Amino acid sequence: MNARTSEELIRAEESLLAHNYHPLPVVVARAEGVWLEDVEGRRYLDMLAGYSALNFGHRHPALVEAAHRQLDRLTLTSRAFRNDQLAGFAEGLAALTGLEMTLPMNTGAEAVESAIKVARKWAYEVKGVAPDRATIVAAAGNFHGRTTTIVGFSSDPVAREGFGPFTPGFRLVPYNDLAALEAAVDETTAAVLIEPIQGEAGVVIPDDGYLAGVRELTRRAGALFIADEIQSGLGRTGTTLACDHEAVRPDAVLLGKALGGGIVPVSAVVARREVLGVLRPGEHGSTFGGNPLGAAIGSAVVELLSTGAYQRRAAELGEVLHDGLAALLDKGVTGYRCRGLWAGVDVDPAIGTGREISERLMQEGVLVKDTHGSTIRLAPPLTITREELESALATLATVVT
Ligand SMILES: *Cc1c(COP(=O)(O)O)cnc(C)c1O
């Protein structure tokens, strides 16, 4: 039992933990489904879902059962040996994405880093780019993680400043601008790396035709199209992948967050055989990547998505979210972008910063996260009920009006 109050725990955290986050002052002690409970027993509706790591809610029974079952049998072998969970996981990911091979990793940033390495190697070995000349084109406003290489091609000064020097070989173009992308792609281009919807940027949805355009352009240029679906994928937008909205199949898809069921970190590069086929023993790896516990949970996640029910639910409830936000336009909300159960909501700055709105929502029992300025992001578990979603929207209405 936890005898310490929220206030005491926050004070201890502030003195002992690096201040790389500024969490809302809520100390969660337990959770189930879409509901969180703090140390004092107050309940909150989780409208963030761990940045989409909790697409299936907290402690989804099928995922917890898969975890328990695997915990009692085998948790880690390292890839020095094989384990009986990995083949099934890779089969599931291939069926889910329509791609052929999997490189299992742990965190999202590792999947991105792995894809960068693989794209470069592919450029030298398959495309024939001159040694050390490969470039990767990414979009301004991107969020791909926090490693030194990745923040090196971020356009967010807060993410970059003070962390250089950075890895060369990246070009940034404006997001949702095919002409700019075309101008940046040349014979050195290994890959175009983009988010099909930019989450951290405020749920920025490109124009219809952009993803198909990126596909066509990369195909013509002989460059790889790598879609970072770490936040947008696995049901969030009403389809398995956000790229499915344009029926586009990238050369490589990066998955993470919800792939670990909100239980353990599991990520993957899922790609065409020609792409991941460039890796040979010793050239890349991870001690925990492909561990049987993560693979068992990942397989259970793939299984949950295999009927399409969660995707349909996200699409249907996405309409409710869309309508609820539309009703708030000019009533404290100046704009919003929404696809499936995922929305970026621009609150009138006169009403408060995103942080202040988040704090007021917290006091009303709804947890969200601000992105930049006065924008908040809504991404509830896909298991939320219509009534719960409507109640969260009603709370938002009282806070912004
Ligand atoms: C969260 C995220 C990452 C990084 O994932 P971590 O597990 O935090 O390293 C990469 N890309 C996108 C689009 C993300 O949302």
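This report describes the domains, nonpolar cores, aromatic pairs and some individual residues of a predicted model.

## Domains and their contact

The domain assignment of the protein gives two parts, domain 1 (6-59 + 309-400) and domain 2 (74-305). Taken over C-alpha atoms, the centres of domain 1 and domain 2 are separated by 27 Å, and the contact between them takes 27 residues from domain 1 and 28 residues from domain 2.

## Nonpolar cores

The largest nonpolar core has 54 residues, and those with the most contacts inside it are Met 47, Leu 321, Leu 325, Ile 376, Leu 378 and Leu 389. This core draws at least three residues from each of domain 1 (6-59 + 309-400) and domain 2 (74-305). Another core, of 31 residues, lies apart from it and includes Leu 103, Ile 116, Ile 226 and Ile 230.

## Aromatic rings

A search of the whole structure finds three aromatic pairs. In one of them, the rings of Phe 56 and Tyr 310 have centres 5.2 Å apart and planes at 90°, so the pair counts as edge-to-face. The pair links distant parts of the chain, since Phe 56 lies in the loop between helix 2 (49-52) and helix 3 (61-71), while Tyr 310 belongs to helix 12 (residues 309-326), 254 residues apart. Both Phe 56 and Tyr 310 are buried.

Phe 153 and Phe 170 form an aromatic pair that is stacked, with 4.3 Å from centre to centre and 15° between the planes. Here Phe 153 is in the loop between helix 6 (148-152) and helix 7 (157-160), and Phe 170 is in strand 6 (residues 170-173), 17 residues apart. Phe 153 has a relative accessible area of 2% and is therefore buried; Phe 170, with a relative accessible area of 17%, is also buried, because the limit for that class is under 20%. A ring is also involved where Arg 43 lies over the face of Trp 35, at 4.6 Å from the ring centre.

## Two buried strand residues

Thr 189 lies in strand 7 (residues 189-194) and is buried, with a relative accessible area of 0%. A polar atom of the Thr 189 side chain lies 2.8 Å from the backbone nitrogen of Asp 186. Not counting residues up to four places away in sequence, Thr 189 touches Lys 127, Thr 135, Val 137, Ala 184, Gly 222 and Ala 223.

Val 333 is found in strand 11 (residues 333-338), and its relative accessible area of 1% makes it buried. With residues up to four places away in sequence left out, Val 333 touches Leu 328, Val 345, Asp 346, Val 347 and Val 400. The C-alpha atoms of Val 333 and Leu 234, which are 99 residues apart along the chain, are separated by 28 Å.

## Backbone features in loops

Most residues other than glycine have a negative phi, and most peptide bonds are trans. A cis peptide bond, with omega about 0°, joins Gly 164 and Pro 165, and Pro 165 has its place in the loop between helix 7 and strand 6.

Val 203 has a positive phi, near 55°, in a residue other than glycine; Val 203 lies in the loop between strand 7 and helix 9 (210-221) and is buried, with a relative accessible area of 0%. Lys 257, although not a glycine, has a positive phi of about 40° and is placed in the loop between strand 9 (252-255) and strand 10 (267-271). At 26% relative accessibility, Lys 257 counts as partly exposed.

Conventions. Residues numbered from 1 in each chain as written. Predicted model: local features only at pLDDT ≥ 70, side-chain atom pairs only at ≥ 80, totals over all residues. Heavy atoms only, no water. Core = buried A, V, L, I, M, F, W, Y, C linked by side-chain atoms within 4.5 Å. Buried < 20%, exposed > 50% of the residue type's maximum accessible area, 1.4 Å probe, protein only. Domains from an automatic or database assignment. Phe/Tyr/Trp six-rings, centres within 6.5 Å; stacked < 30°, edge-to-face > 60°. Helix = DSSP H or I, 4+ residues; strand = E, 2+ residues; numbered from the N terminus. Lys NZ or Arg CZ within 6 Å of the ring centre and 35° of its normal. Polar contact = N/O pair within 3.5 Å; in protein donor to acceptor, adjacent residues only side chain to side chain. Contact = heavy atoms within 4.5 Å.
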